[in-house]
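Here is the note you asked for on this model, written as a set of numbered points. Please read it with the sequence and the structure open beside you.

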Amino acid sequence: MLICGRFDFALERPLVMGIVNATPDSFSDGGRHADPARAIAHGLRLREAGADILDIGGESTRPGAAPVDAAEELRRVLPVIEGLRDCGAALSIDSMKPGVMAAALVAGADMVNDVNALRAPGALDAVANARCAVCLMHMQGTPATMQQAPRYDDVVAEVRDFLRARIDAARAAGIAPARLVCDPGFGFGKTSAHNRALFQALPQLAELAPVLVGLSRKSLFGGSGGRPVAGAAASVAAAALAVARGAAIVRAHDVAETVEALAVAHRLRGR
Ligand code: PMM
């Protein structure tokens, strides 16, 4: 079971987290949802398409992205949280900043999705006393530099040990295990060989905590005719295979297609 703010998810089937970018520069949707009204309308469409969780982000983490300050990030995300609060989906705030996490929780967020795994000073405290779910993600370096020269001796062991250490830190700060989710951070300081090794290791990572995967529209695994960004079909294929390898939550742009594919993938898993 995953405790997620106003929601308790049984995790008997994979959950779909729809992406609502309130940024002018994201990996793939180019800021089309930068204006709060449009981001809210997009979130409502994703809910209609079957998203269980909506992940609202006001700071791009794509490689090379420039950081934004907390005031600007809040200006982008708070109206979107308020506008989507009663849509029926759980709301996640995608942020690395403790101040943004705390304000988003007050505004009604059910989950904190931190690509920095609550390593910022004050981040553990910002979420400890809430009932929110927490996603702890692995990232090597920072978004500004992470894809310049990713290097590991043993990527699976290093990511697994990092996630285990962050889970231990969260538990020591008073966060119940039933609130925790982990994520290997596909594309966050990783070459395509690293991404492939981590994908193969999903069953091992799922022993630590329910696993969230973010594969949507990322060109992670090479191939695909050299195109820079994977499309919906590639994203959905990767999502279905991730679920077959034990992923509990899939972060997706193409929610309707992902929901449909995961329903089949889940049934064919034979549990
Ligand atoms: N990827 C992005 C942003 N946030 N959060 C988690 N937990 N996992 C991810 O893989 C992840 C994330 C970047 O993708 P986007 O710019 O397309 O939203």
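The points below take up the basis of the note, the sheet, a cavity, the cysteines and a few loop residues.

1. Basis. This is a predicted model, in which local features need pLDDT of at least 70 and side-chain atom pairs count only at pLDDT 80 or more, while totals for chains, interfaces and linings use all residues. Residues are numbered from 1 along each chain as its sequence is written, and side-chain values use heavy atoms, with hydrogens and water left out.

2. The sheet. Eight strands form an open sheet in the order β8-β7-β6-β5-β4-β3-β10-β9, and the pairing is parallel; strands here are DSSP runs of E with at least two residues, helices are runs of H or I with at least four residues, and both are numbered from the N terminus. Two strands are said to pair if DSSP finds at least two bridges between them. The edge strands, each of which pairs on one side only, are β8 (180-183) and β9 (212-214). Neighbouring strands of this sheet are turned by 25 degrees against each other on average, direction ignored, where the axes are lines fitted to C-alpha atoms (for helices over the stretch in contact) and angles run from 0 to 180 degrees between N-to-C directions.

3. Strand β3. How many of the residues of strand β3 (residues 15-21) are buried? Seven of its seven residues are buried, with buried meaning under 20% relative accessible area, exposed over 50%, and partly exposed in between (1.4 Å probe, protein chains only). Leu15, Met17, Ile19 and Asn21 point one way from β3, whereas Val16, Gly18 and Val20 point the other way, and all are buried.

4. Neighbours of β3. Strand β3 is joined by four bridges to strand β10 (residues 249-252), and the two run parallel; here Gly18 has Ala252 of β10 as its bridge partner. Five bridges, also in the parallel sense, pair β3 with strand β4 (residues 53-57), and in β4 the residue opposite Gly18 is Leu54.

5. Strands β6 and β7. Strand β6 (residues 111-114) pairs in the parallel sense with strand β7 (residues 133-137) over four bridges. Within this pairing, Asn113 stands opposite Cys135 of β7.

6. Cavities. The structure holds two cavities of 30 Å³ or more. On a 1 Å grid over the protein atoms alone, a cavity is a set of points where a 1.4 Å probe fits but cannot get out, and lining residues have an atom within 4 Å of a point; grid points are joined across faces, edges and corners, and a volume is the space filled by probe spheres set on the points. The second largest cavity holds about 60 Å³ of space, and among the residues that line it are Val213, Leu215, Ser235, Arg251, His253 and Asp254. Two or more lining residues come from each of α8 (232-244) and β10, and β10 gives the largest share, three residues. By class, this lining has five nonpolar, four polar and two charged residues; Ala, Val, Leu, Ile, Met, Phe, Trp, Tyr, Cys and Pro count as nonpolar, Asp, Glu, Lys and Arg as charged, and the others, Gly among them, as polar.

7. Cysteines. With a disulfide taken as a pair of cysteine sulfur atoms within 2.5 Å, the count comes to zero disulfides. For Cys132, the nearest cysteine sulfur is that of Cys4, 8.3 Å away, and Cys132 counts as buried because its relative accessibility is 2%. For Cys182, the nearest cysteine sulfur is that of Cys135, 7.6 Å away, and Cys182, at 1% relative accessibility, is likewise buried.

8. Positive phi values. Ala117 lies in the loop between β6 and α4 (123-128), and its phi is near 55 degrees, a positive value in a residue other than glycine. Leu118 is found in the loop between β6 and α4 and has a phi near 60 degrees, again positive in a residue other than glycine. Ala117 counts as buried because its relative accessibility is 0%, and Leu118 counts as buried at 2%.

9. Two further loop residues. Val68, in the loop between β4 and α2 (70-84), counts as buried at 18% relative accessibility. Met146, in the loop between β7 and α5 (155-172), counts as buried at 3% relative accessibility; Met146 and Phe188 are 42 residues apart in sequence, and their C-alpha atoms are 6.3 Å apart in space.

Note on methods: On a 1 Å grid over the protein atoms alone, a cavity is a set of points where a 1.4 Å probe fits but cannot get out, and a pocket is an open set with protein on both sides within 12 Å along at least five of seven lines; lining residues have an atom within 4 Å of a point.
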